Amino acid sequence: MQRYLCVHGHFYQPPREDPWLEAVLVEDSAYPYHDWNERVTAECYSPNAAARLLDGQGRIERIVNSYARISFDFGPTLLAWLERAAPEVYQAVLEGDRESQQRYGGHGSALAHAYNHVIMPLASGRDKRTQVLWGIRDFERRFRRRPEGMWLPETAVDLATLEVMAEQGIAFTVLEPAQAGAVRSLGGGPWQDAGAGRLNTSGPYLQCLPSGRSIALFFFHGPLSQAVAFEGLLQDGEALARRLVGAFSSEQEGPQLVHIATDGESYGHHHKFGDMALAYALDHVEQGGLARLTNYGQYLALHPAVWEVRIREGTSWSCPHGVERWRSGCGCNTGAFPGWSQAWRAPLREALDWLQDAVEAGYEAAAGRLLRDPWAARDDYIEVVLDRSPESVEAFLALHALQSLTREERVTALKLLELQRHAMLMFTSCGWFFDDPSRLETVQVLRYAARVVQLARELFGQDMEPAFLERLGAVKSNVPEHGDGARIYQWSVKPSALNWDRVAAHFAVSSLLDGHGAEARRYCYTSRWEEYRAVATGGARLAMGRGSFTSAITEERARRDFALLLLPDHQVNGVAGKVQGDYQAAQREMEAAFLGGDLHRVHALMEEWFDGAACSLASLFPDERRAALRQVLDDHVGEAEAFYRALHREQARSARHLIGLKTPVPRDFQLLAEMYLNMALRRAAAAPRVGRKEVVGLVQDAMAVGAELDTAGLGYSLGQRLREAVAGLDLAQTDLARLVLVEDMVALSLELPFPVFVGDAQTAYYRLLHGLPPSLTGVAQGGDRVAAAWAARFLDLGRRLGFAL
């Protein structure tokens, strides 16, 4: 067959890790999920790893891994997060690439990706090289092969970037049609203008480079990609299949490739059920023999370029002005806030360019005293980023250190390389993409910049923050209360910055609330208590300790002391830092004052003996702070629920009377019902066994009085519980009681008037179904009544979950 079809998904989220904790912290705007990575995974990355194919009655016939059929790239920082936080999805992505190699003649569908989504034409030559090298090495570590192709962030391209890619053995990349300037036959001849829709996108082109190298370029089908991403084509899988097949030209002879490229998040996150539309369309095309599915590597091997192209340098797929969206107020925006200015983008770029230039000389000088080649070491530092074990660090330093390093020199070398890592992370493109610098994405790049400022202060003794803030003052927000970039930095960035006093404060408060062991680890920090003593009287506790704290990132170690008071009302007060004088004497004085009931004296002694930071519940790292507050408030919540339950029952009679008279229920009644019913439903959804009758009864009460429920949170919680229940079924034991529990939860999910996400439960069931041992059905057929009953009910459970069995 001469007709080939390729669908490419660019799967990407900006790096969201806190620069000091190296973890993604809670993001309230992603509720009911913990953060946006988790939410988009649930809505897109996971569904595409287990896409449903339905029969004519809307029942699930098969579940397929779409990553095995499409072409795709994943941002390396997103894959690193998936590996930690969603390992099943991560493994499905890798498995999709392995399956694609079998489908497509040994050519894997995964493309590499420039490391942290910087706009490559705006990057320095050194950064271009490091971004490409880090992207390749990250890919090799995960996919266990060399990449054939590489995706460019925002498809932003220039010849210098293509040179680096070609030098590193990248065979091709994918661009938008308007990025082609002119084309001609490889045999020579006149150049032809490729603008105004003239470009034939049905095959690869060859870009010859100044060095004498070349790289193949695929230009995707623009109108069709636009329809998928923005025009609702994913609402109907059959319509998608028709449009894809309809894009082949009946007039063109020889092989032709129809290929589209969009953000991968189109398939499920931007367009609900887009994952199913994609899976259906590909299956329909393949099963019907309408075209041959392929990926770029296979097509290039089968049909090499016969045309040459000259690109339009400094262009991208999401800015018609080239790459101005990431350095000026060109007018590109999301359209959500008409009249807003994006003039802030230019001074933000200038401020970060200044900061990067300001630390470069210090890096070269300091790293040059420790490392053979500071920039070659940076290029190889990805090996440490991917594996921070002591053995990996040793191997890296053995290769790059000028001599055997002392512990202090080793820490300095790692801090220098971390400075460089964050100096690249602060150029992640999303910091400029949206409409205002107060958004999460811009705040995140400023956090990376703050880490650069901090490391430069520690390494070079230079405080670059005042000059940096002065430049951020020109970054004007459209939101009056946010003012400018300097205020955003002071309000939203600096409070999250950590030093050793704050790290010690976290572990100290945590030890007082949760108990303490000799050692503990949280995120990238470990603590080891050298001394720890707590005394109690009258419901209060005083704890004092001394410990060492270590960063797993830089291996830096610090020693700190602390003293804390925990009062009966759960208030925590104290200090973490360094005792100024005799530690034992300080401990004796504070304990004597505490046991004597003089808490004012205890506080005075803390101020007298310590040089450090004040401690309270606010000293805990953000996620732990929330967990601690929930724990503290649990008793109060129980009391509040009992109080509101009594009021609700009393007012429910009046509400029912009003409803019987067809009179609206007063808003005060509804608010009271909302308070109680939401608390009660959250508790019921979290119970060891979800009570179907209780949940249904509470929901019916809410509907009766018009109370507004937290349906998003409840639907999420119940969906998670259902997934856990299905995954907990044991095919070897045929536990009928456990199966009945799952049946009740499925019935509940179908009975509720709001959506409960059952997709993960369906995936878990499908895996169980395909792992159903033949011995079970054999025993059932042989007369084992228990096994027969279990097998019959297990299959009936599948039907209730929507399977065609």
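**Close-up views of a predicted model**

**View 1. Arg198 in the loop between two strands.** Arg198 has its place in the loop that runs between strand 9 (192-193) and strand 10 (205-208), in a structure that is, throughout these views, a predicted model. With a relative accessibility of 52%, Arg198 counts as exposed, because the cut-off for that class is over 50%. Arg198 and Ala182 are 16 residues apart along the chain, and their C-alpha atoms are separated by 9.7 Å.

**View 2. The crossing of helix 4 and helix 5.** Helix 4 (residues 125-143) and helix 5 (residues 159-167) have axes that come within 10 Å and cross at roughly 40 degrees. The two helices, helix 4 and helix 5, are therefore oblique to each other, and their crossing is right-handed. On the side of helix 4 the contact is made by Lys128, Arg129 and Val132, while helix 5 contributes Ala160, Thr161, Val164, Met165 and Glu167. Sorted by class, the residues in this contact of helix 4 with helix 5 comprise four nonpolar, one polar and three charged.

View 3. His117 lies in the loop between strand 5 (110-113) and helix 4. The phi angle of His117 is near 60 degrees, which is a positive value in a residue other than glycine. His117 has a relative accessible area of 1% and is buried, since that class takes in values under 20%.

View 4. The loop between strand 12 (256-263) and helix 8 (274-287) holds Phe273, a residue other than glycine whose phi is positive, near 70 degrees.

**View 5. The buried and exposed residues of helix 13.** In helix 13 (residues 390-400), the buried residues are Ser392, Val393, Phe396, Leu397 and His400. When helix 13 is seen down its axis, these buried residues fall within an arc of 125 degrees, so they line one face of the helix. Pro390, Glu391, Ala395, Ala398 and Leu399 are exposed on the other side of helix 13. The elements that cover the buried residues of helix 13 include helix 11 (374-380), helix 12 (382-386) and helix 14 (407-425).

**View 6. The packing of helix 14 and helix 16.** Helix 14, which is among the elements that cover the buried residues of helix 13, also packs with helix 16 (residues 440-460) at an angle of about 150 degrees, the axes of the two being 8 Å apart. This angle makes helix 14 roughly antiparallel to helix 16, because the cut-off for that description is over 145 degrees. The crossing in which helix 14 passes helix 16 is left-handed. From helix 14 the contact draws on Thr412, Lys415, Leu416, Glu418, Leu419, His422, Ala423 and Leu425, and from helix 16 on Val445, Tyr448, Arg451, Val452, Leu455, Ala456, Glu458, Leu459 and Phe460. Divided by class, the contact of helix 14 with helix 16 has 11 nonpolar, two polar and four charged residues.

Terms used:
Residues numbered from 1 in each chain as written. Predicted model: local features only at pLDDT ≥ 70, side-chain atom pairs only at ≥ 80, totals over all residues. Heavy atoms only, no water. Axes fitted to C-alpha atoms, helices over the stretch in contact; angles between N-to-C directions. Helix = DSSP H or I, 4+ residues; strand = E, 2+ residues; numbered from the N terminus. Parallel < 35°, antiparallel > 145°, perpendicular 65-115°, else oblique. Left-handed = near helix turned anticlockwise from the far one by under 90°. Contact = heavy atoms within 4.5 Å. Nonpolar A, V, L, I, M, F, W, Y, C, P; charged D, E, K, R; others polar. Buried < 20%, exposed > 50% of the residue type's maximum accessible area, 1.4 Å probe, protein only. Arc of directions from axis to C-beta.
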